[in-house]
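The following note was prepared for a colleague who wished to have the main features of this model set out point by point. The sequence and the structure are shown first.

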Amino acid sequence: MSSNSMESLILQLHEISAVKFGNFKLKSGISSPVYIDLRLIVSYPSLLRQISKTIISSLPSTTKYDLVCGVPYTALPIATCVSVSNDVPMLMRRKEIKDYGTAKAIEGNFKKDEICLIIEDLVTSGASVLETAVPLRAAGLVVTDAVVLIDREQGGRENLKENGIELHAMIKLSEMVRVLREKGKLDEETERVVMKFLEENKKVAASNLGGVRVRVRVKGLKYEERANLMKNETGRKLFQVMVKKESNLCWAADVATAAELLQIAEKVGPEICLLKTHVDILPDFTPDFGSKLRAIAEKHNFLIFEDRKFADIGNTVTMQAEGGIFRILDWADIINAHIISGPGIVDGLKLKGLPRGRGLLLLAEMSSAGNLAKGDYTAAAVKIAEDHSDFVIGFISVNPASWPGAPVNPAFIQATPGVQMVKGGDDLGQQYNTPYSVIYDRGSDIIIVGRGIIKAADPALAAREYRLQGWEAYLAKCS
C-alpha cells in the first residue's frame with residue numbers, strides 16, 4: 001500500500017471516530033490511551049470497499065490461499081467484500097455452534113488441505129485469530145497466513161508466528177499515531193503517551209519470563225462444540241456425558257480389591273464422567289467384574305477407561321485387549337497405549353476396538369518425575385492421533401498448552417493424571433497439580449483423581465468437591 005493510500009485510510013478512520021484517544025479499559029483488563037472501534041465501517045460503504053481492496057493488495061505476491069475466512073464478527077463484512085470482489089470462496093466460523101441443524105463449526109464448501117487465509121480487523125495478542133485457526137485446522141484446512149487492517153503491535157505477530165501463522169498488516173498502530181500527529185489530528189503529549197503505552201505493553205505481551213515463552217491464552221471451545229468435531233462415537237459420548245453431568249472428573253480406581261472398587265463406584269458415580277481401572281491389580285477379579293461395573297456405569301451415566309497402557313506390537317496387543325482372563329474390550333469403553341512400538345499398535349487395537357465402538361487414548365506425556373514421554377515423543381503421538389482420528393479420541397497428557405503448535409485439534413480430549421487439591425508429589429516420583437492449574441493453565445479437559453478420593457473420609461463428598469473445582473476451571477477457560 002502506498003504512503004498516500006495509507007494516510008488517506010487513517011484519516012478516514014479518524015474522521016468517523018473509529019480511532020479514539022482518552023482512557024479506555026480493554027477486553028484484557030488493562031487501561032489504554034487509544035481505542036479502535038472498526039465496527040463502524042459497515043455504515044460507510046465506500047470506506048469498507050476501499051479497505052477490502054487494499055487489504056488483499058497488501059499481501060506479498062507469494063502468499064497462496066484458496067479460501068478466505070473472516071474472524072467473527074467485525075471482520076466478516078471485510079471478508080465478504082474480499083470474497084465477492086476477488087471471486088474467492090469464503091468460509092464462516094461459528095462463534096457459537098448450534099445443537100441443531102448441521103451443528104458445524106465451519107460453514108461453507110471446502111476440501112481437505114485447501115489453504116484458508118484468515119482476515120481480521122484488529123490484532124492485539126492474536127487470540128481471536130488463533131480461535132478461528134483452531135477449528136479451521138481441525139476441519140482439515142491449512143492455515144499459514146492472516147491479514148489484518150490494524151496491528152496494535154502488542155505481541156500478536158509473535159504469538160501467531162509461534163503457532164505457524166504469518167501476520168500481514170495494512171497499518172501498524174505506531175504508523176497511525178505518526179500520521180495523525182503529522183496531520184495535526186493529535187497533539188504531541190497524546191502521541192507521547194500512546195507510544196509509551198505501546199512500548200511498555202509490547203514487552204509484556206511478547207517477552208520471555210525465565211526462559212519460558214509467553215503464549216496467548218486462547219478461549220476454549222465448549223465441550224458440546226467439540227463433540228461435533230469428534231469422529232469417534234465413544235469420544236463424542238464422553239463429551240456429551242461431561243456436558244450433561246457438568247463433570248470433567250475421572251476417578252482413578254486404584255484400590256486393593258474389585259469389591260472395594262465396585263462399592264466406591266456406586267458412591268462416586270453421580271459425580272464422575274469417567275472411571276479408570278487397573279484391572280490387573282485386583283486379586284479378586286472374576287469374569288463377571290466387567291458386567292457388574294458396566295451396570296453401575298449405566299446407572300450413573302459414566303464411561304469406563306481401562307488404563308492398560310498397551311505397548312507391544314499390533315498382533316500382540318490385539319490379543320491382549322480382546323482375550324485373556326480380562327477380556328478388556330468386552331467392558332471398557334476406552335483403552336490407552338504407548339506409541340513406543342510405532343503406529344502399528346494403533347492399527348492392531350483399532351482392528352478389534354473400532355467395530356465394538358471403543359475409543360483409544362495415546363500416552364503423549366506422563367506425570368512421573370524423570371519420564372521420557374516429552375518433546376519428539378509427544379509430537380509423534382499427536383501425528384499418529386491425527387492419522388487415526390476415527391479411533392483415537394485424545395491423549396493422556398500433563399501440559400498440552402506447552403506443546404508446539406498448541407492448542408492441538410480441539411476434537412481430541414486431554415486427560416491429566418496426578419491431580420490433588422494442593423500441588424506436590426509422593427516418594428515414588430508422582431507429581432500433583434490442582435484442578436484449576438490442570439484445566440485452566442495447562443489446557444487439559446479431564447482431571448484424573450485417585451488418592452484424593454480414595455483416602456477421603458467421605459469419597460462421595462470428595463468427588464463432588466473435585467467435580468465442582470474442575471468444572472469451575474473449565475467454565476473459566478471458556479470465558
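Predicted model: local features only at pLDDT ≥ 70, side-chain atom pairs only at ≥ 80, totals over all residues.

1. Nonpolar cores. The largest nonpolar core holds 83 residues, of which Trp251, Phe289 and Leu349 touch the most other members. Helix H10, residues 258–268, gives the most to this core, namely 6 residues. Apart from it lies another core, of 39 residues, including Ile16, Ala18, Ile119 and Met170. In soluble globular proteins, nonpolar side chains tend to be buried together.

2. Surroundings of Leu349. Once neighbours within four places in sequence are set aside, Leu349 is in contact with Phe310, Val317, Thr318, Ala321, Ile335, Ala337, Leu354, Leu360 and Phe391.

3. Cysteines. The count of disulfides in the model is 0. The closest cysteine sulfur to that of Cys250 belongs to Cys273 and is 6.6 Å away, which is too far for a bond, since a disulfide needs the two sulfur atoms within 2.5 Å. Cys478 is likewise in no disulfide: the nearest cysteine sulfur, again that of Cys273, is 15 Å away. Cys250 counts as buried because its relative accessibility is 0%, and Cys478 counts as buried at 13%.

4. Helix H1. This helix covers residues 3–15, and its 13 residues should span 18 Å at 1.5 Å a residue; the end C-alpha atoms are 18 Å apart, in agreement with that value. Buried in H1 are Met6, Glu7, Leu9, Ile10 and Leu13. These residues lie on the same side of H1, because they cover an arc of only 165° around the axis. The face turned away from the buried side carries the exposed residues Asn4 and Glu15.

5. Packing around H1. The buried residues of H1 pack against strands E1 (19–25), E7 (145–151) and E8 (166–172), and also against helices H2 (45–57) and H6 (173–182). Just after H1, Ser17 takes a positive phi of about 65°.

6. The mixed sheet. An open sheet is formed by 6 strands in the order E5-E4-E3-E6-E7-E8, with mixed pairing. E5 (106–107) and E8 each have a single partner strand, so one side of each is left without a neighbour in the sheet. Strand E6, residues 116–123, runs parallel to E7 and is joined to it by 5 bridges. Ile118 stands opposite Ala146 in E7.

7. Strands E11 and E12. E11 (residues 249–252) pairs with E12 in the parallel sense over 3 bridges, and Leu274 in E12 is the bridge partner of Cys250. Which residues of E12 are buried on each face? Leu274 and Lys276 are buried on one side and Leu275 and Thr277 on the other, so that both faces of this strand, residues 274–277, are covered.

8. Most residues other than glycine have a negative phi, and most peptide bonds are trans. The peptide bond from Pro72 to Tyr73 is cis, with omega near 0°; Tyr73 is placed in the loop between strand E3 (67–70) and helix H3 (76–86). Asp113 has a positive phi near 75° and lies in the loop between E5 and E6, where its relative accessible area of 49% makes it partly exposed. Glu246, in the loop between helix H9 (233–245) and E11, has a positive phi of about 50° and is partly exposed at 43% relative accessible area.

Technical notes. Residues numbered from 1 in each chain as written. Heavy atoms only, no water. Core = buried A, V, L, I, M, F, W, Y, C linked by side-chain atoms within 4.5 Å. Buried < 20%, exposed > 50% of the residue type's maximum accessible area, 1.4 Å probe, protein only. Helix = DSSP H or I, 4+ residues; strand = E, 2+ residues; numbered from the N terminus. Contact = heavy atoms within 4.5 Å. Expected span 1.5 Å × (residues − 1). Arc of directions from axis to C-beta. Pairing = 2+ DSSP bridges.
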